[in-house]
Amino acid sequence: MKSRISALLLGTVLAFTAANFAFAQDKTVKVGALSDQSGLYSDLGGPGSTLAAQMAVEDSGLTGKGWKIDVISADHLNKPDVGANIARQWFDVDKVDIIVDVPNSGVALAVSNIVKEKNGIFIDSGAGTSDLTNAQCTPNTIHWTYDTYMLAHGTGSALTKNGGDTWFFLTADYAFGAALERDTTTAVLAAGGKVLGGIKHPLNTSDFSSFLLQAQASKAKVVGLANAGGDTTNAIKQAAEFGLTQGGQKMAALLLFISDVHALGLNTAQGLNFTETFYWDMNDQTRAFSKRFQERMKNHTMPTMVHAGVYSSLLHYFKALEALGGNPHDGAKVVAKMKEMPTDDPLFGKGSIEPNGRKIHPAYLFEVKTPSESKGPWDYYKLLATIPADEAFTPLDKSTCSLLKK
Amino acid sequence: MQALYAQLLVGLINGSFYALLSLGLAVIFGMLNIINFAHGALYMMGAFCAYFLLNLANIGYWPALIIAPVAVGIFGMILERTLLRWLTGLDHLYGLLLTFGLALIIQGIFQNYFGSSGLPYSIPDALKGGANLGFMYLPIYRGWVVVFSLVVCLLTWYLIERTRLGAYLRAATENPTLVRAFGINVPRMITLTYGLGVGLAALAGVLSAPINQVRPQMGADLIIVVFAVVVIGGMGSIMGSIITGFALGVIEGLTKYFYPEASNTVVFVLMVLVLLVKPTGLTGRAN
Amino acid sequence: MTVTTDNIIPVAARTVRDEMIAFGIMTVLLLIVPFTGIYPFFVMQALCFALLACAFNLLIGYGGLLSFGHAMFLGTAGYVSGHALKVWGLPPELGIVVGTLAAAGLAVITGLIAIRRQGIYFAMITLALSQLLYFIYLQTPFTHGEDGIQGIPQGYMFGFLNLSNPTVLYYVVLAGFLLGFLLIFRTINSPFGEVLKSIRENEPRAISLGYKTDHYKLLAFILSGTLAGFAGALKVFVAQNASLTDVHWTMSGEIVLMTLVGGLGTIFGPVVGAFVIIAMEQYLAGFGQWVTVIQGVVFVICVLAFRRGIVGEVAHFFRLSL
């Protein structure tokens, strides 16, 4: 009750300020890039996300129009309480307005709660949990790049329609893996495919050989990897060793980034299928951005879809700020404006943000090229299918977000 | 039933890594009375060393099998000379803490320079492909790992239990003062022993490079499992740690077949059971 | 292997007077924090870890047992408290009690197993047990895997203390910390504490004097685990989430580091160490990738050149007993 009154008061004050001092706008903004700088996710987010944020600031052109925009960054060490503390301190002490990136679902959910409490803005690019726009959605959070539902449905249905209609799952035995397997199974069945079986393996398994033997024996056309990070790369590497792909089976990774493909090398990764929402070599605009990004990156890697998400989400945020004219400190109001405006940026094309905070854009089913098909460094993917924006993500009527009035 | 044979064989492969690593730990513990927490990090360095040799110097798998353990072993000896030596006479727990710190440093530095997703390293051409054994498809490389590590384990056992050098070593463990009185340079033997143990870890790293992704964190979780193996086997005898390593690999393989969800925890559960029945470990002497 | 733990702590004549003065200063400093403009959440977080490190220190500093798995008590209490508050809707005070009891129960079971070996083996066993528990928590549904339990309500302590007010929360956490600290302080100065120290100095002699040393060690382990759990339950209200990181072995390593930096076997050392390490984590967050390396370097320096820790060195220099 108290917070509602203060929100009302704040709203009144803001409205009053906006009406009377329109010419004396507050035009200072602070962007916080919170990421895993040192651990498992540092390659797909990390320093690259900070760089992407800086590039978005430069490309927005707002600094030339009297805005003062700072970017700061920090390492959440993959610890939810460290992430929550940094977020809280950023709002209380450093006066940060918007937090971007935040890979690792646990940290992202913790940060989302703080952001709501502080009425800031949170645009998540790095985390996969679809809870952010379902059970745990807030009026202050936007989920930009991808989520587990989209990965599962994209790969599951597109691959089944492309002929991979019998599946066998290798699933990491925890909530994330189970959700991926469940969603993919639904998509496979809906597309007319069959699931022949599956196996649950513990997290951080270094040896997949016995699981792969069982996958091989199942004779399924597609082996779906419902796991992440080191588990996925190890499974792919060992599948190549056991000759699964030579035997005619397709490997489908349900969560994989270009940084992983780069790490595996084409020899091992060739023939792998997975879904992403961004690839550097899609069109002239993505190529131009990616080249600039690559030049400025410390180890000259190409941007991942997470980096692209940070960049394009901030561009949209700046557009909303420009439309509002100033006073960027009421998070929920800015987010409402962002949802109202259609999105259009060089990397993800045209799209929109749904009322539950889900950003909608097309997704792509890729296959990793063979070494002979690849024409140069980072030439890794060929496009198999495009999943249109309105099919790629959770349909609104299935979202359990409390912001949706039903 | 066929699948069972396959799992047994696969378990044996995993067991060879446990055996090599716990053997290295046991060798170091026997001589220095230190539990080497940096063992996992040094194992990782072995794998990275193989990667560097291939990509910077164009030196392939076979030479790397010798060069990497020697190089990492020398690195280990430098660590022993410059850091671990200062702990002589202190409580053994300080050795654990120091090597834990070293592990953090080594893993952190590799993480900074090479990221977390790792680097590719492929199977040498001579060992590519596989053989159909009737009940399973066995990649040749896996078979090679089992045979090779078994040979290395037995050689190490022979070196320590059956040669004159080994006799000095064992004597120096029992009574360093007396051995020194015979004119044997005990500090140098300690350094060499640490180098040997570290070299074994690095060798395991090279062996695993073509199978597992070469990542900075590849040894971090493995070392805890190996600790459990060591607790189960006890560090009383070299042969004990070899056998326990292989045996636990097989047991883990069987778990993967019958109840895959528990395959990561089975070693720890076994450790608890062994502790309840025979606290000194299967081969350990009461001390 | 003889039990030669005497070099872990330089044994000095202790005077309760020094300790009481230091305790007074610490309490006053902590009481005025909300009026200084220091960020209260940082101090709350540090207080929880300080209590955790004190609990750990009780075991190594006075019992000579190095536990490399203390994170399991922190995490267990956090999960159980979080679940009790969020799903069962228990009031805060009961949530803390339930969480702490869970940690105590875990301490009894793990203690019975781990106490069977000493020294390095004890460290490895506790590490392995906590890793076992980590995998269990990863797979059990109530912990929500790597998402953790999120958005745990803070509620009203005893029905009237509004814990979502930072100042109120601060004093509640501080009260919890002081309570735990005094309990440890009391234990160390009790006959039980004296027996523990004699076991650390020379276990065979303690046995020959007729003490059932295993009983004492087990009791110390349970007490330490319970207090660590209490710290974990308090932390739930500060962080408002319970996650896997609190059960991971790196957390156990951090607890060891805090105590080592502050001073093993000193009463105030773990508190100082916890503040130093938490501050490092917080203020070096900008250094990103180098935090782990820095922690490793601190470990190495402490072991090689600085074994008394900050408080130990100060106490040694001024010939105080802290």
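Guide: Let us begin with a term: two strands pair if DSSP finds at least two bridges between them. Helices (H or I, at least four residues) and strands (E, at least two) are DSSP runs, numbered from the N terminus. This is a predicted model, where local features need pLDDT of at least 70, side-chain atom pairs count only at pLDDT 80 or more, and totals for chains, interfaces and linings use all residues. Residues are numbered from 1 along each chain as its sequence is written, while chains are lettered from A and ligands numbered from 1 in the order in which they are written.

Visitor: In which sense do strand 3 and strand 4 of chain A pair, parallel or antiparallel?

Guide: Strand 4 of chain A covers residues 121-124. Over 4 bridges, strand 3 of chain A pairs with it, and the sense is parallel.

Visitor: Which residue is the bridge partner of A:Val100 in strand 4 of chain A?

Guide: On one side, A:Val100 in strand 3 of chain A stands opposite A:Ala33. In strand 4 of chain A, the partner of A:Val100 is A:Ile123.

Visitor: Which helix of chain A gives the largest share of the side that touches chain B?

Guide: Two residues are in contact if their C-beta atoms, placed from the backbone, lie within 7 Å. By that rule, 34 residues of chain A meet 32 residues of chain B. Elements that each supply at least two residues of chain A's side include strand 7 (194-201) and helix 7 (209-218). The largest share, 6 residues, comes from helix 8.

Visitor: How far apart are the centres of the two domains of chain A?

Guide: Domain bounds come from an automatic or database domain assignment, which gives domain 1 (29-146 + 282-362) and domain 2 (149-280 + 363-392). Taken over C-alpha atoms, their centres are separated by 27 Å.

Visitor: What is the radius of gyration of chain C?

Guide: The radius of gyration is taken over C-alpha atoms, and the globule rule is 2.2 Å times the number of residues to the power 0.38. With 322 residues, a compact globule would be near 20 Å, which agrees with chain C's value of 19 Å.
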